[in-house]
Amino acid sequence: KMSGAEATAVDFQLSIKEGQVSVGPLSAQLYGGTYQGTVGIDVNVEPVQVALQESLTRVDLGRLLKERSDVEAMRGLLSAEGDFRVVGITTAEMMDSVDGNARVEVTEGAIQGVNLRRLIRQAQALLERKPLPTGSEPNETRFEDLKATVHARDGRLTSDNLVMRTSLMEIRGAGWVELKSGQMEYRLNATVAESLTAGAGEGLE
C-alpha cells in the first residue's frame with residue numbers, strides 16, 4: 001500500500017545525504033490510473049519539513065474513496081497535480097501545516113445520494129399540481145466534468161473557482177475546508193439549462 005491506497009507496479013529511487021532524504025521520481029499504478037511524484041524530507045530542522053510534488057491521472061475516484069474512508073459519495077476519473085509542503089511527522093502536525101496549490105479535475109463522474117434530475121421533475125410537478133413523477137434511475141447526479149484550483153495554507157484548503165457541468169445545469173462554487181477539524185463552508189450557485197427554465201420540462205424525461 002502507498003499512503004493507505006492500493007498501488008501496484010511501484011517504482012522509485014531513494015537517496016539520503018547530509019540529512020536530506022529524497023524519494024523519486026516515484027511512479028505507480030493506482031486504481032486504474034497512474035501516480036507520479038517526488039518527496040523531499042529535511043531532517044536537519046526541527047520539526048521535520050516535507051515537500052511533495054504529486055500528480056494523478058485518471059484514477060478511479062470511487063474506488064479510492066471507498067478504500068481510504070469507506071465513503072461512497074462520488075465516482076469518476078480523477079486527475080490532479082499539486083505541490084505541497086508540510087511540517088512535522090504526526091498526522092495532526094501535517095494537517096495543521098499543509099501549504100501549497102493543486103489543480104483537480106474529475107470526468108465521467110457522478111455525485112451519489114442525490115438525483116437532481118428527479119428533484120427538478122418533482123418540483124415542477126408540485127408547481128403544476130400534477131402527480132409526482134416516479135422513476136427507477138439511480139439515486140445519483142451525473143456530471144461531465146468537475147474542475148477546481150485548490151490553495152492550502154496552514155491546513156486550510158480554499159477554492160474560489162469550482163465548476164461542475166451536468167446535462168441540466170452548471171454549478172459554480174467557492175469555499176474552504178479545515179483538514180484537521182473537518183469544518184467547511186462552501187457556497188454553490190447553479191445556472192439551469194434553458195430547456196428547463198422554458199417550463200416545458202424538456203430534457204427531463
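Predicted model: local features only at pLDDT ≥ 70, side-chain atom pairs only at ≥ 80, totals over all residues.
Student: Why is Thr107 called buried, and why is Thr38 called partly exposed?

Tutor: Buried means under 20% relative accessible area, exposed means over 50%, and partly exposed lies in between (1.4 Å probe, protein chains only). Thr107, in strand 7, has 18% relative accessibility and therefore counts as buried. Thr38, in strand 4, has 29% and is therefore partly exposed.

Student: Which residues does Thr107 contact, and which does Thr38 touch?

Tutor: Contact means heavy atoms within 4.5 Å. Leaving aside neighbours within four places in sequence, Thr107 is in contact with Arg58, Gly76, Leu77, Glu144 and Asp145. With residues up to four places away not counted, Thr38 touches Val23, Gly24, Pro25, Ala51, Leu52 and Gln53.

Student: What makes the largest nonpolar core a core, and how many residues has it?

Tutor: A nonpolar core is a set of buried Ala, Val, Leu, Ile, Met, Phe, Trp, Tyr and Cys residues joined through side-chain atoms within 4.5 Å. The largest such set has 30 residues, and Leu30, Val50, Leu64, Leu78, Val106 and Leu146 have the most contacts inside it. Strand 3 gives the largest share, five residues. Leu146, beyond its neighbours within four places in sequence, is in contact with Met74, Val104, Glu105, Val106, Leu162, Val163 and Met164.

Student: What span should helix 3 have, and how far apart are its end C-alpha atoms?

Tutor: The expected span of a helix is 1.5 Å times one less than its number of residues. For the 12 residues of helix 3 (residues 116-127) this gives 16 Å, and the end C-alpha atoms are 16 Å apart, which agrees.

Student: Why are the buried residues of helix 3 said to line one face?

Tutor: The buried residues are Ile120, Arg121, Gln124 and Ala125. Seen down the helix axis, they fall within an arc of 140°, so they line one face of helix 3; the arc is that of the directions from the helix axis to the C-beta atoms. The face turned away from the buried side carries the exposed residues Leu126 and Leu127.

Student: What makes Asn115 a cap of helix 3?

Tutor: A polar contact is a pair of N or O atoms within 3.5 Å; within protein, one must be able to donate a hydrogen and the other to accept it, and residues adjacent in sequence count only if both atoms are side-chain atoms. A side-chain oxygen of Asn115 lies 3.1 Å from the backbone nitrogen of Arg117, and Asn115 caps the N-terminal end of helix 3. The distance is therefore within the cut-off.

Technical notes:
Residues numbered from 1 in each chain as written. Heavy atoms only, no water. Helix = DSSP H or I, 4+ residues; strand = E, 2+ residues; numbered from the N terminus.
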